[in-house]
Amino acid sequence: MTQAAVLDARERFLAEHARVAPGLPGAKAPWMLRARSAGLETFAQAGFPSTREEEWKYTSVAAIERHAFLASPRRVESASVAREAGAHFFAELAAYRLVFVDGRYSPGLSTAGTPPAGATLCSLGDVLERTPQRLEEYLTQTGQQTVFGRLNTAFMRDGAYVHLARGVVIDEPIHLLFLATAAGAAIHARNLIVAEAGAHATIVEHYVGRDGAAYFTNAVTQIFTADGATVEHCKLQQEAADGFHIGAIHVAQHRDSRFVSHSIAFGAALARNDITTAFHAVGCSATLNGLYVAGGRQHVDHHTRIDHSQPGGTSREYYRGVLDGRSRGVFSGKVVVHPDAQRTDAQQLNHNLLLSDGAEIDTRPQLEIYADDVKCTHGATIGQLDDAQIFYLRSRGVEEATARTLLAYAFARDVIDRIRIAPVRARLAQVLLSRLPEGHRIRELA
Amino acid sequence: MDAMLEVRNLQVRVAGKPILAGIDLIVNAGEVHAIMGPNGSGKSTLAQVLAGRENFVVTGGEVRYRGRDLLAMAPEMRAREGIFLAFQYPVEIPGVSNVYLLKSALNSVRKHQGLPELDAVEFLALVREKMKLMQMPDTLLYRAVNEGFSGGEKKRNEILQMAILEPALAILDETDSGLDIDAMQVVAAGINALRSPERAMILVTHYQRLLDYVVPDHVHVLAHGRIAKSGGKELALELEERGYGWLEAEAAKVAPAAPGPEAS
């Protein structure tokens with residue numbers, strides 16, 4: 001791509017911002033306007049990341065630059081959109097569901113139900129309009145945000161706001177469904193999840209798109225866990241085959257809080273997930289699980305970072321990837337143990353299965369340790385299906401193609417089985433089978 | 001009547017080295033053959049070649065199974081046609097439950113034979129009955145295939161699979177290795193329960209120990225990739241007393257080019 005074309009892409013986003021800014025929520029809050037300007041300014045100076053940057057070495061976003069995505073697609077509400085969204089509901093998880101169509105809250109498709117006292121589940125855009133002061137301390141934090149995160153702040157229109165007051169426990173998972181229907185749309189979704197002391201919630205953040213549509217999701221989710229709070233978060237990325245997905249989850253954890261993340265990536269032509277958590281007080285724990293399954297010419301990248309800033313923290317990271325066709329996977333997992341973070345216990349593992357000669361994986365587990373009393377391990381493997389296992393299955397009458405599918409399925413299923421929500425597990429198992437070559441051969445397993 | 005298995009002048013190489021240098025073996029229905037021999041004699045290779053392991057290259061000879069060319073059949077076809085290999089080192093398959101494998105295996109064999117698939121109730125009743133025979137707890141059914149199983153549990157699991165699949169020709173590759181005496185008796189009882197006039201068995205073993213419990217009709221001794229000596233069950237006892245050295249020396253005279261070590 002020529003320098004001029006790159007500048008054009010940047011200019012386009014800036015012009016687009018000038019066009020849509022007056023209609024974005026939070027216009028009455030000066031701090032929000034400043035945050036948007038600062039985000040835009042960062043983007044204007046830095047532009048899109050290039051593969052010369054360490055954190056983007058293996059992932060080129062040139063394809064995103066080439067498209068003329070527009071920030072503000074017109075909202076379409078119709079019976080067909082309702083059907084499309086409905087296909088992705090979890091029947092057994094009807095209690096709390098917020099649906100966003102092309103980045104805008106859809107009250108008609110949502111069933112927010114009656115959450116317990118002290119729990120707020122609603123559109124972030126609505127809160128930005130009505131009571132923006134509640135959001136200032138959170139939305140102004142930039143932390144580990146990438147330039148895409150800053151772009152999100154400049155453009156963000158809507159997403160979910162989940163606030164749990166002290167001690168509030170929501171047993172039912174909260175399903176946030178983002179449906180993309182408009183070709184050419186840039187969807188800057190922004191979610192904010194705040195769990196006050198001792199609160200407990202399970203969130204399913206779910207991205208789906210209409211096949212045949214090329215669009216760009218640029219999502220940021222911020223999660224704050226106060227003392228003793230627990231947030232379990234499942235991100236299900238099932239964007240359309242031509243979609244682009246840049247997503248970030250940034251977590252700030254306080255004393256004795258627990259964060260569990262499952263990041264399951266099946267979709268999109270190009271997907272990148274940045275997941276970061278920082279332990280701001282003692283006794284925090286974080287579990288980051290992930291699965292990426294890619295084929296064709298898909299590119300899927302996970303970058304994770306865990307900052308053990310305070311003592312006595314525990315982190316467990318477990319990512320698996322299955323790559324077929326000419327797809328490419330990237331896993332970069334950084335665990336930083338800061339000087340004060342004694343008694344840190346960190347484990348990180350990344351296993352990859354390559355199903356074809358054309359598939360590729362770049363994996364970089366990284367430990368940076370500045371404390372001495374710590375227990376840290378990490379490792380990564382890249383392999384193909386095991387001939388001895390295939391022969392064993394065949395010697396029991398299982399056809400070779402079925403044996404191969406079965407082994408790939410079992411490899412990936414290991415991550416899905418760590419999710420505690422049965423209907424989500426069941427749905428993901430089906431999706432997994434549909435994504436594996438010859439998956440129909442073992443459909444009774446899903 | 002045709003023999004169940006006819007091996008004629010079978011020659012096999014692994015990584016360019018000759019391992020089997022011309023094996024002749026006839027196995028009839030109802031017979032139990034023991035194949036003995038020192039380490040590296042090629043006996044495990046023979047077992048795996050018969051089951052269809054693809055990293056062995058057959059360079060000469062032929063194998064007919066029930067009158068058909070066995071070497072032309074894919075491993076899964078051999079299994080469906082009634083051949084079963086109990087592995088010396090049963091493979092762990094994380095994420096695939098034992099019960100799923102048993103069911104897939106049984107149904108693939110039944111389907112091939114034109115029999116209806118068993119429903120869940122019939123299947124579980126059958127499996128539970130056979131597990132009792134093998135003195136295996138039900139919990140092993142729902143664990144991943146062989147994952148975290150003890151050596152003895154793995155070997156019992158092999159015989160369990162055999163008991164459920166009821167093969168026509170069972171090949172047991174060092175099923176006795178690594179078993180304590182109690183486990184040996186359980187495994188031997190499982191094997192004996194399957195002896196029948198319609199079924200043939202090939203027991204590959206290094207020691208005579210298993211043959212105290214499963215008494216063979218014929219004993220063959222492999223050395224340097226050939227059958228150096230065949231006889232009745234008393235040959236096994238002779239080997240127990242005299243070791244393999246005298247037979248190896250005789251075989252070496254016939255085959256001066258010593259084959260490499262056993263590949264598996």
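Two residues are in contact if their C-beta atoms, placed from the backbone, lie within 7 Å. Keep that in mind as you look through these close-ups of a predicted model.

**Figure 1. Where chain B meets chain A.** Here 20 residues of chain B are in contact with 16 residues of chain A. Helix H2 (75-80), strand S7 (93-97) and helix H3 (98-112) of chain B are the elements that give two or more residues to chain B's side of this meeting place. H3(B) supplies the largest share, five residues.

**Figure 2. The six-stranded sheet of chain B.** Follow the strands across this open sheet and you will read the order S6-S9-S10-S3-S11-S12, with mixed pairing. Which strands stand at the edges? They are strand S6 (83-86) and strand S12 (226-231) of chain B; each has a single partner strand, so one side of each is left without a neighbour in the sheet. From one strand to the next, the twist averages 20°.

**Figure 3. A parallel pair inside that sheet.** Strand S3 (residues 32-36) of chain B runs parallel to strand S10 (residues 200-205) of chain B, and five bridges join them. To find your way between the two, look for Ala34(B), which stands opposite Leu203(B) in S10(B).

**Figure 4. Two helices lying across the strands of chain B.** Helix H1 (residues 43-51) of chain B lies across S3, S6, strand S9 (169-173), S10 and strand S11 (218-223) of chain B. Its direction makes an angle of about 145° to S9(B). Helix H6 (residues 151-165) of chain B lies across S6 and S9 of chain B, and runs at about 165° to S6(B).

**Figure 5. A covered strand in chain A.** Is strand S4 (residues 160-164) of chain A mostly covered or mostly open? It is mostly covered, as five of its five residues are buried. Ala160(A), Val162(A) and Leu164(A) point one way from S4(A), while Tyr161(A) and His163(A) point the other way, and all are buried.

**Figure 6. The partners of S4 in chain A.** Let's meet two strands that pair with S4(A). Strand S3 (residues 119-123) of chain A runs antiparallel to S4(A), joined by five bridges. In this pair, Cys122(A) stands opposite Tyr161(A). Strand S7 (residues 190-195) of chain A pairs with S4(A) in the parallel sense, over four bridges. Here the bridge partner of Leu164(A) is Ala195(A) in S7(A).

Note on methods: Residues are numbered from 1 along each chain as its sequence is written. Chains are lettered from A and ligands numbered from 1 in the order in which they are written. This is a predicted model: local features need pLDDT of at least 70, side-chain atom pairs count only at pLDDT 80 or more; totals for chains, interfaces and linings use all residues. Two strands pair if DSSP finds at least two bridges between them. Axes are lines fitted to C-alpha atoms, for helices over the stretch in contact, and angles run from 0 to 180 degrees between N-to-C directions. A residue is buried if 20 or more other C-beta atoms lie within 10 Å of its own, exposed if 12 or fewer, and partly exposed in between; C-beta atoms are placed from the backbone.
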